[in-house]
Amino acid sequence: MQSVDVVVVGAGPTGLCFARALADTGLSVTLIEQQPRAALAEAAFDGREIALTHASRQILESLGLWAQLDPAEISPLRDAKVMDGGSPFALTFAAHQRTGDDLGWLVPNHLIRRAAWQSVQGQAGLEILDQASVAAVNPGPAHSVVTLADGRQLAARLVVAADSRFSSTRRLLGIGAQLRDFGKSMLVCRMQIEVPHQHTAWEWFGYGRTMALLPLNGDQASAVITLPPRQIAALMAQDEADFGRSITGFFEHRLGAMRPVATPVAYPLVGVYANAFAGDRSALIGDAAVGMHPVTAHGFNLGLQSQHRLAGILRTAAGQGGDIAARSGLAAYERGHRLASRPLYEATNAIASLYTDDRLPARLLRRAGLRLAHGVAPFRQLITAHLTQRDTLR
């Protein structure tokens, strides 16, 4: 049986960043991933554009990932608008007027994945087991035994699950989760536009559908459409010309004619919140801990902060020669991440519920809410600070 300090299950960007964050700690890390190395090294375009906050950029810079991203693929987010139905009113969040800072940055998900993979290449003390899956996890007083599907076993001082919101490792650890299926699918597609977007993001709560526009460089934007699965399937079945006309119509020609420049991709909308973020010699990070509805665009940012928080605890314990899986350390991680995630998770779900409810009382309430937020400048500034996370890591 091979002994290792930390086993990380899942080589998505959060799992890879966590492994990278443990470099130079002297800890041995084994990363287990079902995909082959080639798929990890050249992660395929998946349609998703990640809105990174200031805190997330700080983390990516500290891990050496930001420098690996192509500057031409980093699109600044200077303003954001929230719109409701056919109302001409929009709640606007602008870039920081005094410093000129952007609200955030948009980066293609597959490029973040590639940069994360590159960051761990040649890392001392790291072993990557690709095309492997976990069949069982048995915790013990000194280590947990991780059994792979092919029969191999590892004795790990700590097991960290980072294998998506539908984490099988979470279940093997005996940790339940609250799942909320919104009954909708989210379609994402890069579009060429005619009217400049001025690097402004839109969140548009229309009646019967929710839309978002994420501004990209070069007169392109990512269109995000939320609809029931049948309607999403019908959209994706259209040819390129009809699809472009449909999306143009959804956005009421506000950006001129829109045409796809990539194949649209659809994802089910399911929110997940684990009942615990830590157990006996185990912890959850990323979507395995909290899987967010995308309406507030904080899912990846929250996952990145979870690995940052846990890695910091492990680095301190390793530096002091202590137990990296001590109950006190894991409890501190649990408290910190729950405090950071629970209010955001509940608020996000509440927003998603209110702004997708097309009954008249809900329409009136959400419209009044936007105008109230617009009229109270400190409140709007508070929301802006929350969205940008400019001071989160300071």
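Two strands count as paired if DSSP finds at least two bridges between them. With that in mind, here is what turns up in this predicted model. One part of the chain holds an open sheet built from 3 strands, lined up in the order S3-S7-S4, with antiparallel pairing. Strand S3 covers 49–52 and strand S4 covers 75–77, and these two sit at the edges. Each of them has just a single partner strand, so one side of each goes without a neighbour in the sheet. Going from one strand to the next, the twist averages 30°.

Strand S7 takes in residues 104–108, and S4 pairs with S7 in the antiparallel sense over 3 bridges. To find the spot in the structure, look for Pro 76, which stands opposite Trp 105 in S7. The sheet also has a helix lying over part of it: helix H4, made of residues 109–119, lies across S3 and S7. As for its direction, H4 runs at about 80° to S7.

Now for the chain as a whole. Its secondary structure comes to 11 helices and 20 strands. The chain has 394 residues, and buried ones make up 53% of them. Taking contacts between residues at least 6 apart in sequence, 74% join residues at least 24 apart.

Conventions. Residues numbered from 1 in each chain as written. Predicted model: local features only at pLDDT ≥ 70, side-chain atom pairs only at ≥ 80, totals over all residues. Heavy atoms only, no water. Helix = DSSP H or I, 4+ residues; strand = E, 2+ residues; numbered from the N terminus. Axes fitted to C-alpha atoms, helices over the stretch in contact; angles between N-to-C directions. Contact = heavy atoms within 4.5 Å. Buried < 20%, exposed > 50% of the residue type's maximum accessible area, 1.4 Å probe, protein only.
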